[in-house]
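This briefing is meant for a reader meeting the structure for the first time. Please keep the sequence and the 3D view at hand while reading the notes below.

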Amino acid sequence: MSESVQPQHPHVATESTPRVGTLRALWRLREFAGPAMPAFAGSMAAALVAQLIALTIPQVLAQIVDGPLADGDAAAIAPLTLLVFALGTAEALLYALRRWLVVGPGTKVEARMRNALYAKLQDLPVSFHDRWPSGQLLSRAVSDLGLIRRWLSFGLVLTGANLVIIVVGVGILMSMNWLLGLIFLVCSLPLWWAGWRFEGQYSEQSRLSQDQAGDLATAVEESVHGIRVLKAFGRGKHALSTFRAQAESLRRTEIEKARLDANIWVWIMIVPTVALAICLIVGVWLTANGQLSVGELVAFFATATVLAWPIESIGFFLAFALDARTATDRFFDILDSENTIVDPEQPRHLARPKGELAFSGVHFRYQDAPDRFGDLLDGVDLVIEPGETMALVGLTGSGKTTMTSLTTRLYDVTAGSVTVDGVDVRAFSREELRTHVAMAFEDATLFSASVRENVLLGRPELAGDAPEVVAEAERVLTEALRIAQAGFAYDLPDGVDTKVGEEGMSLSGGQRQRLALARAVAAKPAVLVLDDPLSALDVATEARVEAELRSVLASTTALIVAHRPSTVTLADRVALLEDGRVTAVGTHSELLRESEHYRYVISSLEDEERRGREERQGLETRPPSSGAPRPTEFEREEAAS
Ligand SMILES: Nc1ncnc2c1ncn2[C@@H]1O[C@H](COP(=O)(O)OP(=O)(O)OP(=O)(O)O)[C@@H](O)[C@H]1O
C-alpha cells in the first residue's frame, strides 16, 4: 500500500458533498445534462445497434461454415460474404454517428456547467474566497468539467451500450448452448466482486488526486503571481522544492490509482480468458459427442470474442465513472456552498440617497478567528454626515479595512448595523447597494480589459452604442482620469483603449492605484470608501490627486482609511479606531490635542512614511546630528498653535 497523502487544504475535505452512491452522485448531473439527454440516448442507441450488428456477424459465419462450406457450395458463399461486408460497413457508420451525435450537446453541457460555476463564484461572499485557494477553483472550472463532458459523451454512452450488449450477448450464448453460456456466466462472477472492491478504493484515490491537482494549480498560480517577490528574495529554490513535494504527492497518488487500475485489469483479462478456455474444452467435447455442430462452435467463440471488448472495458469505464463522480462531487462542493450574503426578499430602494453612512453598535469577527480572540470590531459607533469626508485612523491590524468592507457587504456585521440614509445595507439588493457605495482599495486590481472598460466598470449603463451614451461615457471617463491624475492613460500605445491588467500593459503600482481610484470616482456613488488608495503615489502626485479629490468629495460622503498623515488632511473629521471601537472623533487638530493614542498613531504613521520615502529614494536612514528625534507633525502643529 502506498503512503497515504493528506489533502493540502483540509477545508476542501470538510466542505465536501456528503458521500452517496456513485450512481446517485452522477444522477445530479441531470440538472445540466437534461437537455442533452436525447442526444446521449441517440448516441447510446447507435453504439448499441453497432454492437448488435457485430453480434450478428458470427451467426452469418455459422451459416457459412455449416452451409456452403460444409456442402462445398462456392456460389452460395458470395451473398453471405457480401452480407458480412454490409454488416461491417453499417457497424462502422453507426460508430461514427455515435460520436457525431454527442459532440455539440456534450460541449454545451460543459459550457452550461462552467457558466453556473462562474456565476456561483461571483455570487459567493468574500469569506468563501478567503478559504478556497484559487487553484482549487481553477481545476474544478477547467479539468473537472472537461472530464465530466468526456464521461457523459463517451463513458456514459459506451457504458450503457456495453452493459446491454453483455446481457444480450450472454443471452445469445445461452440460447446457442445453455451449458457453455452458463459456464461463461459463472466464470465472470469474480469480476463483479473485483469491480465492487475496486470502486471503494479507487474513488478515494481519485478524489485525493483531483484535490492535489488543484493544490498544484494553486502553487503554480501563486508563484506566477508572486514571481517578483520570489526572485527579489531569492526564494525561487524554496518555492521549487515546495512545488516538487506537492508534485511528488500527486505522483504517488497517481501511482496508487494506476496500481488499483492494474489490479482490476488483471481480473478483467484473466476471467474471460479462463472462461473461454473452459468453454473451449467443454465445447470440443460437446462437438465430438455430436451435441454441437462445428458452425455453432465457431459462432459461439466468435460471439464470445465480440463480447470480449465490452467485458474488458468494464474496468476502464468503471474507473472513468469514478473519476467523473469525483469531479461531479467537487463541482457540487462549490454549487452547494451556502451564500450567507444574499439579497433580501423585498429590497428597499433609494432613488437619490443623501449619503449618510452610519455604523451602529457594529460587531464583527472573521469566521476562522480563534475563539480566544474577542470580536475584531467590538461595538463601533460612527456617523458620517452627507457630504462629509471622514478619515479612519488606527494602528495596523486594528480593523480599518475590515470596517470599510462592511459598507458594501463584502462581509456582513455579526451584530449591530451599517446604514445608508438610515436604511440597513442588508435591506438593499447587493446590486443597488454597490451603486450607492463604491470602494477603491490599496491593492488595486485591474481586469484584462481596456483602461476605458476598467474605469467604467461600475457604470454598466454607459456601455451602449447610442451617441448620447458614448458622449456621456467619454465625459465621465475624462473627468475620472483627471481627478485621479491618471492622464498617463492617454499616452499608452492605444490611449484609453489600451488593454491593461494581467494580460495587458504592465503598469506601475501608482498607475494601477490611480486607475482604481478613477474607477471608484466614475461610479459617482453617494458614498465613496477609499482604503488607502494613494499609498503608492509620490508626494507631489498625491497632493494633486488630493486637490482634485476635494472637489469630488465636496458632494460625496467619503470614508477614507488613512495610512499617511497627508491623507488625513483631506478629511473634515477623523475617527480613531482603537481596540475594536471608535474611541475619538474630531478634526485632526482636535484629536492631536486631545488624544494621546491619536498622537501615537500619527507619529507612527509619520515614521512609517519617512522610512518608506527613504527606502524609495535609496537613502540611508541617519538620525539628525543632534540625536534628537525629528519633530512629529503633532509637535509641528503644537508649535504652530
Ligand atoms: N479574511 C480574513 N480572515 C481572517 N482574518 C483576517 C482577514 N482579513 C484580516 N484579518 C485579520 O483582521 C485583523 C484586522 O485586519 P485589517 O486588514 O482590517 O486591519 P487594518 O487596520 O486595515 O490593517 P492595516 O493598517 O495593516 O491595513 C488583522 O489581525 C488581520 O489579520
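Predicted model: local features only at pLDDT ≥ 70, side-chain atom pairs only at ≥ 80, totals over all residues.

The protein chain holds 21 helices and 12 strands, and of its 641 residues 36% are buried. Among contacts between residues at least 6 apart in sequence, 80% join residues at least 24 apart.

**Strand β9 and its surroundings**

- Strand β6, covering residues 437–440, pairs with β9 in the parallel sense, and four bridges connect the two.
- β9 also pairs in the parallel sense with strand β10 (residues 557–561), here over five bridges, and within this pairing valine 527 stands opposite threonine 557.
- Strand β9 (residues 527–531) is largely enclosed by the rest of the structure, because five of its five residues are buried.
- In a regular strand, side chains alternate between the two faces of the sheet.
- Both faces of β9 are covered, with Val527, Val529 and Asp531 buried on one side and Leu528 and Leu530 buried on the other.

**Strands β3, β11 and β12**

- Strand β3 (residues 389–394) runs parallel to strand β11 (residues 573–578), and five bridges join them; in this pairing, alanine 391 has valine 574 of β11 as its bridge partner.
- β11 is also joined by five bridges to strand β12 (residues 581–586), and these two strands run antiparallel, with leucine 576 standing opposite alanine 584 in β12.
- The hairpin formed by β11 and β12 has two residues between the strands, and aspartate 579 takes a positive phi near 50° there.

**An open antiparallel sheet**

- Four strands, in the order β2-β1-β4-β5, make up an open sheet whose pairing is antiparallel.
- Its edge strands are β2 (377–384) and β5 (423–424), each of which pairs on one side only.
- At one end of this order, strand β4 (residues 415–420) and β5 pair in the antiparallel sense over two bridges, and threonine 419 has aspartate 424 of β5 as its bridge partner.

**The surroundings of the ligand**

- The residues around the ligand include Asp130, Tyr366, Asp368 and Leu376, together with Gly394 and the run Thr396, Gly397, Ser398, Gly399, Lys400, Thr401 and Thr402.
- Sorted by class, this shell contains two nonpolar, seven polar and three charged residues.
- Helix α12 (residues 400–405) gives the most to the shell, contributing three residues.

**Annotated transmembrane regions**

- An unreviewed UniProt entry places the feature "transmembrane region" at residues 32–54, 74–97, 151–172, 178–198, 264–286 and 298–322.
- In the model, residues 178–198 are 100% helix and 0% strand, and the C-alpha atoms at the ends of this span lie 31 Å apart.
- Residues 298–322 are likewise 100% helix and 0% strand, with the end C-alpha atoms 37 Å apart.

**Two residues looked at individually**

- Alanine 518 has its place in helix α16 (residues 509–522), and this residue is buried because 27 other C-beta atoms lie within 10 Å, where 20 or more are needed to count as buried.
- Leaving aside neighbours within four places in sequence, alanine 518 is in contact with Val455, Ala480, Leu481, Ile483, Ala484 and Ala486; the C-alpha atoms of alanine 518 and alanine 484 are separated by 5.2 Å, although the two residues are 34 residues apart along the chain.
- Arginine 426 lies in the loop between β5 and α13 (430–436), and this residue counts as partly exposed because 19 C-beta neighbours are found inside 10 Å.
- Leaving aside neighbours within four places in sequence, arginine 426 is in contact with Pro344, Arg409 and Asp412.
- Arginine 426 and valine 342 are 84 residues apart in sequence, while their C-alpha atoms are 8.3 Å apart in space.

Definitions and conventions: Residues numbered from 1 in each chain as written. Near = placed C-beta within 6 Å. Nonpolar A, V, L, I, M, F, W, Y, C, P; charged D, E, K, R; others polar. UniProt positions renumbered as here; feature names shortened; annotations may be inferred. Buried ≥ 20, exposed ≤ 12 C-beta atoms within 10 Å, placed from the backbone. Pairing = 2+ DSSP bridges. Contact = placed C-beta atoms within 7 Å.
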